[in-house]
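The report below describes one protein chain, section by section. Please keep the sequence and the structure in view while reading.

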Amino acid sequence: MDEASTTSPGAVANKAALANKAALANKEIARRFLLAIPAKDTVAMRSVLAPEAHLTLMIAGVYSPRLRAFPQGTQWDRDGMIEMEMDFQCKLDGPFALEVLSLIAEGDSVAAEAVGNGRRAATGHSYIQHYSYHFQMSNGRIVDIRLYQDTFHLWQVWSDLGAGVQPPYLKADNLAGVAQEQTLDPLPDIEAEDRVAVNKKIVRRFLTAVRNRDPEETRVAWSPGGLWSFAIGGDYSPELRTFHGAPRWDREGMIRMQQNAHSNPREPMTLDVYSLIAAGDEISAEAVGFIVRASGRAYRQHYSFHFKARNGRLVEGHVYQDTLHQYDVNLPPPDGGPVAVRMLSVSL
């Protein structure tokens with residue numbers, strides 16, 4: 001087959017159609033896995049997981065000793081993850097509800113968002129968790145899952161802390177209300193490009209601006225009416241789509257928050273993007289950031305970002321991260337843990 005036949009409009013369109021078909025199939029595989037969890041359908045879970053499949057809870061690293069976080073581990077093989085999911089539900093009072101909120105697929109990569117709701121039987125504490133799953137597929141089955149969630153809420157409910165402990169950065173000071181949407185013309189230097197490529201480019205531009213602490217580049221990437229949120233669970237937010245009660249900022253509030261969060265570092269921030277997929281105006285990215293704060297505490301964070309774009313600019317974004325690590329780094333030394341709180345091992 002000569003080069004012309006593979007680059008003709010018909011060949012390109014056929015290739016795009018096949019890619020779209022594969023992406024749709026992969027989305028359905030991810031959906032089947034997620035819906036099998038509340039159904040306690042281990043047969044369905046096993047059918048979509050490759051024998052070598054594994055799941056990793058994306059945490060930042062070693063916590064302060066008094067936190068005693070995740071003694072059960074953070075990585076599971078196929079049998080281990082199925083057992084872990086079933087054991088988790090055995091510790092609930094009543095059923096576990098899981099709603100899939102979004103699915104983005106590109107090639108063999110799928111990013112999904114879901115919100116789960118249950119109640120721990122031993123304490124009666126509600127567990128409302130926001131999940132960001134990043135799946136990697138191979139030959140129609142899942143081979144790798146990276147899971148991001150509100151680790152502080154996980155720790156709070158399952159280590160018997162009760163509802164009274166809340167990290168200061170999650171308090172509702174200086175939070176903006178929902179911004180009004182604005183219609184913008186496309187950015188002139190990218191309006192002729194493919195929409196998916198444009199949206200990936202603008203996400204990279206924003207994340208680079210965060211790393212460089214460049215507010216002007218952030219303003220270029222974001223609509224003036226854009227809204228930024230943390231995807232957090234429990235009492236912080238009753239549902240993911242609207243973020244009622246969760247920390248959220250308009251564009252200028254987001255810039256101030258990010259500037260203040262990384263002010264006067266001992267070593268500047270690095271932010272490496274290691275996955276970026278898009279479908280239409282929805283974009284998902286994963287990144288790892290590292291900064292040494294003025295106190296000397298190292299902050300190494302895994303991020304899962306979900307964005308919506310319109311006319312070449314970002315209009316909505318929210319981030320999943322290891323909230324327990326952020327809480328831990330903000331604790332005063334030398335204890336590195338909350339005072340006068342009875343610490344027990346996490347039991348999932």
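This is a predicted model: local features need pLDDT of at least 70, side-chain atom pairs count only at pLDDT 80 or more; totals for chains, interfaces and linings use all residues.

The ring centres of Tyr 133 and Phe 135 lie 5.6 Å apart and the ring planes meet at 10 degrees, so the pair is stacked.

Leaving aside neighbours within four places in sequence, Ala 111 is in contact with Ser 102, Leu 103, Ile 104, Tyr 133, His 134, Ile 277, Ser 284 and His 306. One of these residues, His 134, is 23 residues from Ala 111 in sequence, and the C-alpha atoms of the two are 4.6 Å apart in space.

## Aromatic pairs

A pair of aromatic rings is described by the distance between the centres and the angle between the planes. The count of aromatic pairs comes to 20. One of them joins Phe 88 and Tyr 127, whose ring centres are 5.9 Å apart and whose planes stand at 65 degrees; planes over 60 degrees apart count as edge-to-face, so this pair is edge-to-face. Because Phe 88 lies in helix α4 (residues 78-90) and Tyr 127 in strand β5 (residues 126-138), the pair ties together parts that are 39 residues apart in sequence. Both partners are covered: Phe 88 is buried with a relative accessible area of 7%, and Tyr 127 counts as buried at 1% relative accessibility.

Elsewhere in the chain, ring pairs link a cluster made up of Phe 206, Trp 222, Trp 228, Tyr 303, Phe 305 and Phe 307.

How many of the residues of α5 are buried? The helix is mostly covered, with 8 of its 8 residues buried, namely Thr 151, Phe 152, His 153, Leu 154, Trp 155, Gln 156, Val 157 and Trp 158. These buried residues pack against β1 (49-57), α4, β5, β6, β12 and α9, so that the elements around α5 include both α4 and β5, in which Phe 88 and Tyr 127 are found. Just after α5, Asp 160 takes a positive phi of about 65 degrees.

The packing of α5 (residues 151-158) with α9 (residues 323-330) has an angle of about 85 degrees, and the axes of the two helices are 5 Å apart. That angle makes α5 roughly perpendicular to α9, because angles of 65 to 115 degrees count as such. The residues that meet are Thr 151, Phe 152 and Trp 155 in α5, and Thr 323, Leu 324 and Tyr 327 in α9. By class, this contact holds 4 nonpolar and 2 polar residues, with no charged residues.

## Helix α8

Helix α8 (residues 251-261) has as its buried residues Arg 251, Gly 253, Met 254, Ile 255, Met 257 and Gln 258. An α-helix has 3.6 residues a turn, so residues three or four places apart point the same way. The cover over the buried residues of α8 includes the helices α6 (195-212) and α7 (215-221), together with the strands β7 (222-230) and β8 (248-250).

## Two asparagines with positive phi

Where in the chain is Asn 139 placed? Asn 139 sits in the loop between β5 and β6 (141-149), and its phi is near 55 degrees, a positive value in a residue other than glycine. With a relative accessible area of 79%, Asn 139 is exposed.

Asn 311, for its part, is found in the loop between β11 (298-310) and β12 (313-321), and its phi is also positive, near 55 degrees. Asn 311 is partly exposed, with a relative accessible area of 32%.

## The chain as a whole

The protein chain has 9 helices and 12 strands, and 51% of its 348 residues count as buried. Among the contacts with a separation of 6 or more, residues 24 or more positions apart account for 65%. The accessible surface of the chain comes to about 16,000 Å², and carbon and sulfur atoms hold 51% of that surface.

Key: Residues are numbered from 1 along each chain as its sequence is written. Side-chain values use heavy atoms; hydrogens and water are left out. Axes are lines fitted to C-alpha atoms, for helices over the stretch in contact, and angles run from 0 to 180 degrees between N-to-C directions. Helices (H or I, at least four residues) and strands (E, at least two) are DSSP runs, numbered from the N terminus. Angles under 35 degrees count as roughly parallel, over 145 as roughly antiparallel, 65 to 115 as roughly perpendicular and the rest as oblique. Contact means heavy atoms within 4.5 Å. Ala, Val, Leu, Ile, Met, Phe, Trp, Tyr, Cys and Pro count as nonpolar, Asp, Glu, Lys and Arg as charged, and the others, Gly among them, as polar. Buried means under 20% relative accessible area, exposed over 50%, partly exposed in between (1.4 Å probe, protein chains only). Accessible areas come from the Shrake-Rupley method with a 1.4 Å probe; for residues, only the protein chains shown count as cover. Rings of Phe, Tyr and Trp (its six-membered ring) pair if their centres lie within 6.5 Å; planes under 30 degrees apart count as stacked, over 60 as edge-to-face and the rest as tilted.
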